[in-house]
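Please look through the sequence and the model below before reading on. The paragraphs after it walk through selected parts of the fold.

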Amino acid sequence: MPFGLKNAGATYQREKNSIFHDFIDKFMQIFIDDIVVKSSSGDDHLGQLRLSFERMKKYGLKMNPLKCAFGVCAGDFLAFVVHQKSIEVNQNKTKAILETEPPSTKKELQSLMGKINFLRRFISNLSGKTQAFSPILRLKKEDNFRHVINGTCSNNETEYEALIVGLEILLGLGADNVVIKGYSKLVVKQLTKEYKCISDNLFSYFVYANSLLNNFESFNIQHVPRIENQVANDLAQVVTPYFY
């Protein structure tokens, strides 16, 4: 059966599962035509290899010597690094995620989620951590996370915009630990998860701001009433006339 046929992969997998049914999960792992024989000691390994080869000979299975490796302490299997202590992520996979720019469209978010899902076994409560992105994935194809903002926006949308610009600047400067102070109680409480963001107009800002915050090692968000932050308020009043 050529591999090009539609059901070839599933057929090969069923065949291998049937042939090695009593070896799988004991000392063997199989994925279609890739086989790993894993052992805790050299003596065990020789015996388990013997059992594996006898089973292959019985069913007429052939192996390509150029693709075989024996007696290795660690190796790549299905894009993961397998060794004596555990299974680890291939560094190339983590590098691809770390170097991904923060998504600004639905398509970019889908691409990022695909990369993260590949590592789901290594991330605890992944579904809970990515739940906030679910509504964004239901946006229309052409929609962006941030959109204009007929050229006008509400006070809370302006607060989010200012926060996002500040976070992007800090990330560009390489900041690791940040303290964020804002006088919009709604925005601050939403970001600290004390309030739930249910506004359609604010939700895309909320998701994007959180995606930026997750790039810092630590962050502290504080609510500072306008009257307690007189310097920033005075600066805002001075700048405001130039925008009208």
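This is a predicted model: local features need pLDDT of at least 70, side-chain atom pairs count only at pLDDT 80 or more; totals for chains, interfaces and linings use all residues.

Residues are numbered from 1 along each chain as its sequence is written, and side-chain values use heavy atoms, with hydrogens and water left out.

Start with two helices, H7 (residues 155-173) and H9 (residues 200-213), which pack at an angle of about 20 degrees with their axes 10 Å apart. Helices (H or I, at least four residues) and strands (E, at least two) are DSSP runs, numbered from the N terminus. Axes are lines fitted to C-alpha atoms, for helices over the stretch in contact, and angles run from 0 to 180 degrees between N-to-C directions. H7 and H9 are therefore roughly parallel to each other; angles under 35 degrees count as roughly parallel, over 145 as roughly antiparallel, 65 to 115 as roughly perpendicular and the rest as oblique. Their crossing is left-handed, meaning that the near helix is turned anticlockwise from the far one by less than a right angle (clockwise would be right-handed).

On the H7 side the contact (heavy atoms within 4.5 Å) is made by residues including Tyr160, Leu163, Ile164 and Leu167. On the H9 side, Tyr205, Phe206, Ala209 and Leu213 are among them. By class, the contact of H7 with H9 has twelve nonpolar, two polar and three charged residues. Here Ala, Val, Leu, Ile, Met, Phe, Trp, Tyr, Cys and Pro count as nonpolar, Asp, Glu, Lys and Arg as charged, and the others, Gly among them, as polar.

Which residues touch the most other members of the largest nonpolar core? They are Tyr160, Leu163, Leu167, Ile180, Leu191 and Phe206, out of 25 residues in that core. Helix H4 (106-117), H7, strand S6 (177-182), H8 and H9 each supply at least two residues of this core, and the largest share, nine residues, comes from H9. A nonpolar core is a set of buried Ala, Val, Leu, Ile, Met, Phe, Trp, Tyr and Cys residues joined through side-chain atoms within 4.5 Å. Buried means under 20% relative accessible area, exposed over 50%, and partly exposed in between (1.4 Å probe, protein chains only).

Leaving aside neighbours within four places in sequence, Leu167 is in contact with Ile180, Ala209, Leu212, Leu213 and Phe216. Leu191 is found in helix H8 and is buried, with a relative accessible area of 6%. Not counting residues up to four places away in sequence, Leu191 touches Tyr160, Leu163, Phe206, Ala209, Asn210, Leu213 and Ile221.

Strand S6 contains Gly182, which is buried, with a relative accessible area of 16%. Gly182 touches Val188, Gln222, His223 and Val224, leaving out residues up to four places away in sequence. Gly182 and Pro225 are 43 residues apart in sequence and 7.6 Å apart in space, C-alpha to C-alpha.

A second, separate core of nine residues includes Phe20, Phe23, Ile30 and Val37. Ile30 lies in strand S1 and counts as buried at 12% relative accessibility. Apart from its neighbours within four places in sequence, Ile30 is in contact with Gln13, Lys16, Phe20, Ile24 and Ile35.

Two loop residues remain. Most residues other than glycine have a negative phi, and most peptide bonds are trans. Asp25, in the loop between helix H1 (8-19) and strand S1 (28-31), has a positive phi of about 75 degrees although it is not a glycine. Asp25 is exposed, with a relative accessible area of 58%. Lys193, in the loop between H8 and H9, has a positive phi near 70 degrees and is exposed, with a relative accessible area of 54%.
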